Amino acid sequence: MAQLPILEFPDPRLRTQAVAVDAADVATPAFQTLIDDMFQTMYEAPGIGLAASQVDVHKRFMVIDVTEDRSRPLVFVNPVITARDGEQVYQEGCLSVPGIYADVTRSDTITVEALDRHGQPFSLQADGVLAVCIQHEMDHLLGKLFVDYLSPLKREMVRKKLLKAKRAA
């Protein structure tokens, strides 16, 4: 397994809309290795979710594990949210926007349909942090970042802060 470089805001590649994964590609050794590399990258960052777009692979899939002991790794290939209910405000962070956290309003409960890492279809009802994480990572697949939920002024402040940090590094 290999750790992959994570794109950081304001990299324009983060704005690319991901394309659907061909179901036949899911079972290939190359795709399975990419999934494993994404989990390693996410765990080492550390994070609880990583969309393929964040590692410059613009295909519709993501990996998530919201458990503290890394015991429930989930893969969502070509995910679609089929139902939403309620509203929750959650303070989100992002591996592509390091060190920045902000309150974001999202659906409280969702139902998502996707293919798993073996290409098998499944449906999952999620709430709490898992629902937030799924919605956050799906935004990445659409070229959207959690900072897009902020005011233009706050978003510009985040951009300048990250660019300054990158120059200092």
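**Entry 1: terms.** I count a residue as buried under 20% relative accessible area, as exposed over 50%, and as partly exposed in between. I note that the model is predicted.

**Entry 2: R13 and D11.** I looked up the accessibility of R13 and found 38%, so R13 is partly exposed. Its salt-bridge partner is D11, and the closest N and O atoms of the two are 2.6 Å apart. D11 has a relative accessible area of 17%, so I record D11 as buried.

**Entry 3: R117 and D36.** I next examined R117, whose side chain meets that of D36 in a salt bridge with an N to O distance of 2.9 Å. R117 sits in the loop between strand 6 (109-115) and strand 7 (121-127), while D36 belongs to helix 1 (residues 29-44), so this pair ties together parts 81 residues apart in sequence. For D36 I noted a relative accessible area of 28%, which means that D36 is partly exposed.

**Entry 4: D139 and R106.** I then turned to the salt bridge between the side chains of D139 and R106, where the N to O distance is 2.9 Å. D139 is in helix 2 (residues 128-141) and R106 is in strand 5 (residues 97-106); the pair links distant parts of the chain, 33 residues apart.

**Entry 5: network and count.** I traced shared partners and found that salt bridges join D11, R13 and D56 into one network. Finally, I recorded the count of salt bridges, which comes to 7.

Conventions. Residues are numbered from 1 along each chain as its sequence is written. This is a predicted model: local features need pLDDT of at least 70, side-chain atom pairs count only at pLDDT 80 or more; totals for chains, interfaces and linings use all residues. Side-chain values use heavy atoms; hydrogens and water are left out. A salt bridge is a side-chain nitrogen of Lys or Arg within 4 Å of a carboxyl oxygen of Asp or Glu. Buried means under 20% relative accessible area, exposed over 50%, partly exposed in between (1.4 Å probe, protein chains only). Helices (H or I, at least four residues) and strands (E, at least two) are DSSP runs, numbered from the N terminus.
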